[in-house]
Amino acid sequence: MGIEVIRDEMADLVDPEAEPELVADGFQFTEGPVWDPAQVCLFFSDIPANTIFKWTPEGGVVAYRQPSYHSNGLTLDGQGRLLSCEHSGRRVSIEADGELKTVVDSFQGKKLNSPNDLVVCQNGDIIFTDPPYGLSGRHGVPGEQELPFLGVYRLPVGEPEPVLLIDDFERPNGLAITADEKTLYVDDTHRGHIRAFDVQEDGSLANGRVLAELKGDEDGAPDGMKLDRNGNIYCTGPGAVWVFNPAGDLLGKIKLPLPAANLNWGGEDRKTLFFTARTDVYRVACKVGG
C-alpha cells in the first residue's frame, strides 16, 4: 500500500512516503464521498445499506439519511445543498427546505436508468451519468430499463427536461469538469478508459477522444474521478487510484488496502483525499488540493 511514483511530478502531488489512513469501516459497499465545508463533515453512500452516512472528525460516523433510495454519487450545489444520484429512486434528488425533492427522473417521458455520478456547473447546470447498475437487482432493487441507451446528460438550471449529451458509452460512470468548464471527462467502466470532450458555448460536447486507458488484472475499474487544482486527474482503476496529467500521461498510483470505488477532496484546506473503498473509507494527505 502507498504511493507509486511513475513520473517525478507525482512526488509534487503526494508525499511518496504517505500511507492511507483508515477513517471508518464496517460498511457493505461505500460510494459517493463529498466534503461539506459548512458542516465540516464527509457524506458518503453505502449503497446496499440504503443509507447516507455522515462522518465528522470529532463524532465519527452516524447515519444521516435512511432510506437513501440506494444513493450512489453525491455532491453539493452552489448553495451547499446535498444532491444525490439514486439507484432505486432512478433520479437525481436534492435536499432543500427540509425536504427531499426530485431534480430529474426522466428523459422524453421515460424513466432514467439509475443515475450514478454528477457535477454541478458554475451556472447551476447539472451534468450526470446514467448507467444501468441500479437495475441489476444486486442491491435488491430490480427494475426495467426504459431508455434504449446509457446516456450522459446536462440538466439546464431551472429546466425539468435534461439534454442528452452523448449516448455511445457502454457503462458511463465517473465524471469531472475542469475549472474553466471547457473540458469534461467521463470514464467508461466496461471499456476501461477515460474520454475527454470539449464543452461548447451552448453546453454541448465535441471532439470526444480517449484520453487514458486503465487496464490491468488487479481488482478495480474506472469509476469515481476527481481533479486537483492543477487539472490532474485522479481515477479509480485496477489495483489503485491512477493519477494522470491533463495530457493523459500516467504520473503515479495511490494504492489502498481495498479497491476504491470513488474519491473526493476534503478537509479545511481541501488537500485531503478521501476514498470510499468497498467496506471502508480511507484518506491520504496531499500536497496539492482539489
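Valine 241 has isoleucine 254 as its bridge partner in strand β24. Strands here are DSSP runs of E of at least two residues, and helices are runs of H or I of at least four, both numbered from the N terminus. This is a predicted model: local features need pLDDT of at least 70, side-chain atom pairs count only at pLDDT 80 or more, and totals for chains, interfaces and linings use all residues. Residues are numbered from 1 along each chain as its sequence is written, and side-chain values use heavy atoms, with hydrogens and water left out.

**Around strand β24**

- Strand β23 (residues 240-244) pairs with β24 in the antiparallel sense, over 4 bridges. Two strands count as paired if DSSP finds at least two bridges between them.
- β23 and β24 make a hairpin with 5 residues between them. In the turn, glycine 248 has a positive phi of about 90°.
- β24 also runs antiparallel to β1, joined to it by 4 bridges.
- Glycine 2 stands opposite lysine 255 of β24.
- In a regular strand, side chains alternate between the two faces of the sheet.

**Lysine 253: a charge without a salt bridge**

- Lysine 253 lies in β24.
- Lysine 253 is buried but has no salt bridge. Buried means under 20% relative accessible area, exposed means over 50%, and partly exposed is in between (1.4 Å probe, protein chains only).
- Which side chain of opposite charge is nearest to lysine 253? That is glutamate 4, 4.8 Å away. Lys and Arg count as positive, Asp and Glu as negative; His and the chain ends are not counted.
- A salt bridge needs a side-chain nitrogen of Lys or Arg within 4 Å of a carboxyl oxygen of Asp or Glu.
- Lysine 253 touches several residues, among them Gly2, Ile3, Glu4 and Trp242, leaving aside residues up to four places away in sequence. A contact means heavy atoms within 4.5 Å.

**Salt bridges**

- The count comes to 14 salt bridges.
- Glutamate 4 bridges to lysine 255, with the closest N and O atoms 3.3 Å apart. This pair links distant parts of the chain: glutamate 4 is in β1 (residues 2-5) and lysine 255 in β24 (residues 250-255), 251 residues apart.
- Glutamate 4 is partly exposed at 29% relative accessibility. Lysine 255 is partly exposed too, at 28%.
- Aspartate 77 and arginine 81 meet in a salt bridge of 2.8 Å, N to O. Aspartate 77 is buried at 14% relative accessibility, whereas arginine 81 is partly exposed at 28%.
- Glutamate 213 forms a salt bridge with lysine 215, the closest N and O atoms being 3.1 Å apart. Glutamate 213 is partly exposed at 42%; lysine 215 is exposed at 51%.
- Glu170, Asp188 and Arg191 are linked in a network of salt bridges.

**Open sheet β3 to β6**

- This open sheet has 4 strands in the order β3-β4-β5-β6, with antiparallel pairing.
- Its edge strands are β3 (30-36) and β6 (60-65), and each pairs on one side only.
- Neighbouring strands are turned by 25° against each other on average, direction ignored. Axes are lines fitted to C-alpha atoms (for helices, over the stretch in contact), with angles from 0 to 180 degrees between N-to-C directions.
- β3 and β4 (residues 41-46) run antiparallel, joined by 5 bridges.
- Tryptophan 35 has leucine 42 in β4 as its bridge partner.

**Open sheet β17 to β20**

- Here 4 strands follow the order β17-β18-β19-β20, with antiparallel pairing.
- Which strands stand at the edges? They are β17 (172-177) and β20 (205-213); each has a single partner strand, so one side of each is left without a neighbour in the sheet.
- β17 and β18 (residues 183-188) run antiparallel, joined by 4 bridges.
- Isoleucine 177 has leucine 184 in β18 as its bridge partner.

**The chain as a whole**

- The chain has 1 helix and 27 strands.
- Its radius of gyration is 17 Å, close to the 19 Å that the globule rule gives for 290 residues, so the chain is as compact as a globular protein of that length. The radius is taken over C-alpha atoms, and the rule is 2.2 Å times the number of residues to the power 0.38.
- The C-alpha atoms fill a box of roughly 50 × 45 × 35 Å, taken along the principal axes.
- Of the 290 residues, 57% count as buried.
- Among contacts with a separation of 6 or more, 43% come from residues 24 or more positions apart.
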